[in-house]
Amino acid sequence: MGKAAGSSNMVQRQNGANTPAERADFEAAMRYRDELLRLGWPDCKAVGVMLGSKPTGAEARASRERSAGRLLGVWAGRDTGYVYPDFQFLDSGAVNPRVAELLDAMANITGLSAAEDKSGWQRVFWLYQPRGRLSKQAIALRRAAPEQVRADPARFDKLETAPRTPEDVFPHDPQAVIDLAREDAQAL
């Protein structure tokens, strides 16, 4: 895959992938990236218009928001430029006001700051990885007082235990995802 179609830090990783396992990991990441791109995320112009800019200044508006850390964009190649995962937008088209806080928390995880992840893909991979700590049961148990759990353990046993992705949870429970990012940063 050429540099125009991928992100610069992924190409650098490919160049450093010397073992068959490293090459396989890189190829799997590229396949997953392509799968995510097929979700049809909006480009700079569409995002700028959603944020209220006129079409002539829309791309610059989206770029400013991304550069300021208020919006996450991922490099989709020279022909497309940056695209913006849709989990960060409200139904109205506005940016969820907690996105900047999430990106700030993620910046404390090794490799996930904007300076380290210029293409945005490492942050997106983190956001689209299912996590057990985001299951409905895990979130409820973390928020409950110990006496609540002891008083009614069956209430928590009934909750779903399936791992969920941060991007899936963020629109309706941004604090859970921000807390996860902070926990991940402390764990490293």
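**Close-up views of salt bridges in a predicted model**

**View 1. The side chains of D184 and R133 form a salt bridge, with 2.4 Å from N to O.** The two residues lie 51 positions apart and join distant parts of the chain, D184 in helix α11 and R133 in the loop between α6 (121–127) and α7 (136–143). A salt bridge is a side-chain nitrogen of Lys or Arg within 4 Å of a carboxyl oxygen of Asp or Glu. Helices are DSSP runs of H or I with at least four residues, numbered from the N terminus. D184 is buried at 11% relative accessible area, while R133 is partly exposed at 31%. Buried means under 20% relative accessible area, exposed over 50%, and partly exposed in between (1.4 Å probe, protein chains only). The model is predicted: local features need pLDDT of at least 70, side-chain atom pairs count only at pLDDT 80 or more, and totals for chains, interfaces and linings use all residues. Residues are numbered from 1 along each chain as its sequence is written, and side-chain values use heavy atoms, leaving out hydrogens and water.

**View 2. A network of salt bridges links R131, R133, R142, E183 and D184.** By the rule stated above, the count comes to twelve salt bridges.

**View 3. R182 and E101 meet through their side chains in a salt bridge (3.2 Å, N to O).** This pair connects helix α11 (residues 174–187), which holds R182, with helix α5 (residues 99–106), which holds E101, across 81 residues. R182 is partly exposed at 36% relative accessible area, and E101 is partly exposed at 28%.
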